[in-house]
Amino acid sequence: MDVLKELPQMNMDISETNCCPKFEVEKWDGKIFELKDLKMVKASTKSFFYMPLNLGKVMKNTMEAIVEAGADDKDKYFVLSQDKSKWACDHLFLVTKDVPGQEMVNFSGNFITKVFEGSYAEISKWIPELEAAVKAEGKTMKSMYAFYTTCPKCAKHYGKNYVVLFGEI
């Protein structure tokens, strides 16, 4: 597996929607990312049996705060989501500097990635595949995050809905 010390660029020049760029699977699938001290905004959503209830509002408000602060990285759009329970999910937004009024975290860790295509509802089917990829590297998965690469509107436009699962090792 390729070991990468930084995230791939998300090329907005190939965005057909002026929203989410076209996702490039080969830059993310089957990689080991050694991430160190990424500056991120942490936001939380409420869930009902893992189904987000206020995701749209939280994403919109958080992104508005990030853009208003001039902290968005145009070449590295990256939001990790982690279910904390059936009732709550945390989201980590990559930023270039502190964002006033937002909870800031430094994020580090080593991760094995696997890209999947399909509905978000299929994630429980994908987790065993990620676990197998981690095990094949002789590692143990400590936790898991999901990177939903496109919004629902853009996924419909592109005809593909890619999700990158990050298994922390």
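How many of the seven residues of strand β5 (residues 88-94) are buried? Six of them are, so strand β5 is largely enclosed by the rest of the structure; buried here means under 20% relative accessible area, with a 1.4 Å probe and protein chains only.

This is a predicted model, in which local features need pLDDT of at least 70 and side-chain atom pairs count only at pLDDT 80 or more, while totals for chains, interfaces and linings use all residues. Residues are numbered from 1 along each chain as its sequence is written, and side-chain values use heavy atoms, with hydrogens and water left out.

The protein chain has three helices and eight strands, which are DSSP runs numbered from the N terminus (helices H or I, at least four residues; strands E, at least two). Along the sequence they follow the pattern β-β-β-α-β-β-β-α-β-α-β.

For the protein chain as a whole, buried residues make up 41% of the 169 residues. Of its contacts with a separation of 6 or more, 72% are between residues 24 or more positions apart, contact meaning heavy atoms within 4.5 Å. Along its principal axes, the C-alpha trace spans about 45 × 35 × 35 Å.

Terms used:
Buried < 20%, exposed > 50% of the residue type's maximum accessible area, 1.4 Å probe, protein only.
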